[in-house]
Amino acid sequence: MLASGSGLFYVSIAIVSALLGVVIAGLVLRFTPLRPPFDFGAVDALVGIVYGILLAILVLFASQHYTAAIDNADREATSLNDMYKAAGVLQPASRDALRHQVICYAREKIEDEWPTLRHSNGNGSPVLFARTRVLGEQVQEIARAYPTNLTVATLFNANLARGEARQLMLEDSRPELPNPLWLVVLLGIGIVVFLLSIRYWEEKSHLIAALLASLALLVAMVGALAELDRPFASVIGLQPRAMESVLTSVVQSSSQSVAVFRPCVEAGEKPTPLAH
């Protein structure tokens with residue numbers, strides 16, 4: 001699907017830019033006094049070096065964006081797991097109520113928010129926003145009930161870390177490369193192809209070989225750049241592996257309490273009263 005902002009979208013524009021470079025080269029040679037052979041060695045070298053450096057910097061930038069998304073997804077899952085473990089020292093009613101919310105959060109993260117992240121617009125799932133509020137209310141109530149308990153302090157900090165990681169993930173879902181930079185990248189492909197076409201116009205076999213080799217590399221770079229800049233929506237988009245692992249781990253390591261593993265109720269679910 002040729003979705004706006006996808007790798008295929010930018011690859012298509014890159015190919016169109018290359019075709020325009022060839023067409024413009026043909027028009028220049030036909031309607032201007034310029035005649036081959038041409039020696040553009042210095043110009044080719046300058047354009048190649050500058051454009052290569054630009055692409056390398058942008059790919060590094062996009063790679064860091066992709067890596068940050070991985071790190072924040074792992075942090076969110078780890079923090080949620082820490083919350084589940086910290087709840088183990090609470091009174092049974094409080095423990096089971098909080099653990100139930102943690103499990104529902106993990107399920108809704110996988111089933112509701114992850115598909116939303118693939119839209120690359122920075123929006124989260126309303127279902128998970130509601131679950132976050134309920135979870136936060138329970139943690140705050142527990143913290144007020146046990147203000148000097150160090151394990152509860154760990155629980156509180158883990159919830160803060162979870163919220164921070166989730167917010168960063170929402171930001172990570174947005175592409176970070178601005179449109180002016182994409183314009184430079186795509187225009188650069190047209191310029192490179194134009195110079196190659198001018199230089200090898202009279203030697204068709206050389207021209208075809210040069211264009212195929214150059215375009216294969218440039219188009220691949222553009223595709224990789226676009227895919228890395230959309231960590232959740234691309235062909236190599238991230239999957240909720242860490243959250244799935246946490247959910248599997250807590251389910252397998254816990255006694256199958258009906259209160260903990262009961263079906264999740266959306267949004268309007270009220271926290272279970274605490275046992276003091």
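Predicted model: local features only at pLDDT ≥ 70, side-chain atom pairs only at ≥ 80, totals over all residues.

Biologist: Where is Ile-24 found?

Modeller: Ile-24 is in helix α1, which covers residues 7–31.

Biologist: And which residues form a nonpolar patch on the surface?

Modeller: Val-16, Leu-20 and Ile-24 do. Together they have about 270 Å² of accessible area.

Biologist: OK, charges now. How many salt bridges does the structure hold?

Modeller: Eight. One of them joins the side chains of Arg-75 and Glu-164, at 3.3 Å from N to O.

Biologist: Which parts of the chain does that pair link?

Modeller: Distant ones. Arg-75 sits in helix α2 (residues 41–86) and Glu-164 in helix α5 (residues 150–172). They are 89 residues apart.

Biologist: Why can side chains pair like that at all?

Modeller: Side chains of opposite charge can pair when their charged atoms come close.

Biologist: Next pair. What does the side chain of Glu-76 meet in a salt bridge?

Modeller: The side chain of Lys-109, at 3.1 Å from N to O. This pair also links distant parts of the chain. Glu-76 is in helix α2, and Lys-109 is in helix α3 (residues 92–117). The gap is 33 residues.

Biologist: Buried or exposed, those two?

Modeller: Glu-76 has a relative accessible area of 1%, so it is buried. Lys-109 is buried as well, at 0%.

Biologist: Which residues are linked with Glu-76 and Lys-109 in a network of salt bridges?

Modeller: Glu-113 and Arg-166.

Biologist: One more. What does Glu-108 form a salt bridge with?

Modeller: Arg-131. The closest N and O atoms are 2.7 Å apart.

Biologist: And which helices does that pair link?

Modeller: Glu-108 is in helix α3 and Arg-131 in helix α4 (residues 126–145). They are 23 residues apart.

Biologist: Is Glu-108 buried or exposed? And Arg-131?

Modeller: Glu-108 is buried, with a relative accessible area of 6%. Arg-131 counts as buried too, at 2%. The cut-off for buried is under 20%.

Methods:
Residues numbered from 1 in each chain as written. Heavy atoms only, no water. Patch = residues over 30% accessible without salt bridge, like charges linked within 9 Å, V, L, I, M, F, W, Y side chains within 5 Å. Areas by Shrake-Rupley, 256 points an atom, 1.4 Å probe, with all protein chains shown as cover. Salt bridge = Lys/Arg side-chain N within 4 Å of Asp/Glu carboxyl O. Helix = DSSP H or I, 4+ residues; strand = E, 2+ residues; numbered from the N terminus. Buried < 20%, exposed > 50% of the residue type's maximum accessible area, 1.4 Å probe, protein only.
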